[in-house]
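Try each task before reading its solution.

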Amino acid sequence: MNVELKSAEWKDQIFDVFQDHDIKQVFHVPDAGHSRLIELCQKSNSIRTLALTTEEEGIPLAAGAWLGGQRSVLLMQSSGVGNTINLMGMPKTLRFPFLTLITMRGDYGEFNSWQYPMGQATPKVLEAMGVLVYSVDKPEEVKATVDAAARSAFNGGQSVAVLLRQKLLGIKNFGKK
Amino acid sequence: MSNATLQRRSLVKQMLAGADGNLLVIAGLGSANWDVTEAGDRPLNMPLWGSMGAPVPMGLGLALAQPKKRVLVITGDGDMLMSLSSLATVAAQQPDNLAVVVLDNEKFGETGNQATATAPRNNGPTDSGAGTDLAMIAKGCGIADSATVREVSEVAQLVKDARTTKGPVFRLVKVMVEKLEFVMPPQDGAHLKDRFRQALGIKPT
């Protein structure tokens, strides 16, 4: 199986997990790693897809959705995690389920030095805020990991982040070899 | 000094008069929280004690989840200044059931009344802002129905706009700087969230 097909496959599987868990709102910023998943959500009749101006909005949006009885997911890059940290306290204070899927930069073979500080700090700052951190670097483990994260969040009432590692996503090189 | 004449407590009370199961209220931290609570603590109020910058996106998530209910966000100028770009996120979704009312006294009230950016420029060495116009920002973000309220004679229309006018609605209300009593709702976030969902008839997980 070629790499591209395999990549499309796990992204479609994440969308299937969203449907299985009755996700109604998906918040995102533009992101190459999540782009296929975002398009699937945008085309779906059962999911409302919101483009954010900053990742920080995703936490209170999730709080509002939950207050109104709906489940949501925040899609972001590791560089956006830093923008969310203060409001990442909301799921803890209000005790509501929170799920985020994070595409990693500054992680594995990254060529852009500006991505490393936040990329390397991402799991640590999430853990510092009481977020459970799951990590996946093999295509065949994506579906089960996202499904487990959704269970921990929506059944177990936790804040959960799934890190989609750069090994899984492929190394962005802007045409450089 | 601001030349505003409107008193925040009285107009918040009027905006919330006769609030029923159709009205869902998010109140920003600090003065807006105490204003809303003085008008009457109720399960369908979600008063924030922290999370500055959260009320507008929180109101948006709620408005989309509960499209048949009216969602009213009441907050202050300091809070709104911290999440200006969320107005663009609201405009992109055009929720017809969402109203945002910003009570603008041109001060950070909870930290000692320092000037916010909405205070005039050239207002003295310690009290100058930038003359920032939040209603113009909301309009520029794409919320077409954005306006400023300054006069007592406009309050009846403000109440109507907050409660029933097709959203998204943004109202900037210029209010006096006042020293008011703290009227505090319960602080436990999990309790506030649970009583809100219960009042909406949502079953616990």
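The model is predicted. Its chain A has eight helices and six strands.

**Exercise 1. Decide whether the radius of gyration of chain A agrees with that of a compact globule.**

Solution. Step one: for 177 residues, a compact globule would have a radius of gyration near 16 Å. Step two: chain A has 15 Å, which agrees. Step three: along its principal axes, the C-alpha trace of chain A spans about 50 × 35 × 25 Å. Step four: 47% of the 177 residues of chain A count as buried. Step five: among the contacts in chain A with a separation of 6 or more, 76% are between residues 24 or more positions apart.

**Exercise 2. Describe the side of chain A that touches chain B.**

Solution. Begin with the count: 26 residues of chain A are in contact with 26 residues of chain B. Next, find the elements of chain A that give two or more residues to this side: strand 2 (48-51), helix 3 (58-67) and helix 5 (90-94). Helix 3 of chain A provides the largest share, seven residues. Finally, sort the residues of this side of chain A by type: 13 are nonpolar, ten polar and three charged.

**Exercise 3. Find which residues of helix 6 of chain B are buried, and on what side of the helix they lie.**

Solution. Helix 6 of chain B covers residues 134-141, and B:Leu134, B:Ala138 and B:Cys141 are buried there. These residues cover an arc of only 65° around the axis, so they are on the same side of helix 6 of chain B. An α-helix has 3.6 residues a turn, so residues three or four places apart point the same way. The buried residues of helix 6 of chain B pack against helix 4 (77-81), helix 5 (86-93), strand 4, strand 7 (145-149) and strand 8 (169-174) of that chain. Just after helix 6 of chain B comes B:Gly142, with a positive phi of about 115°.

**Exercise 4. Is B:Ala99 buried or exposed?**

Solution. First, locate the residue: B:Ala99 is in strand 4 (residues 98-104) of chain B. Then apply the cut-off: a residue is buried if 20 or more other C-beta atoms lie within 10 Å of its own. B:Ala99 has 26 C-beta neighbours inside 10 Å, so B:Ala99 counts as buried. Leaving out residues up to four places away in sequence, B:Ala99 touches B:Leu72, B:Asp161, B:Ala162, B:Gly167 and B:Val169.

Terms used: Residues numbered from 1 in each chain as written. Chains lettered and ligands numbered in written order. Predicted model: local features only at pLDDT ≥ 70, side-chain atom pairs only at ≥ 80, totals over all residues. Helix = DSSP H or I, 4+ residues; strand = E, 2+ residues; numbered from the N terminus. Buried ≥ 20, exposed ≤ 12 C-beta atoms within 10 Å, placed from the backbone. Contact = placed C-beta atoms within 7 Å. Arc of directions from axis to C-beta. Nonpolar A, V, L, I, M, F, W, Y, C, P; charged D, E, K, R; others polar. Rg over C-alpha atoms; globule rule 2.2 N^0.38 Å.
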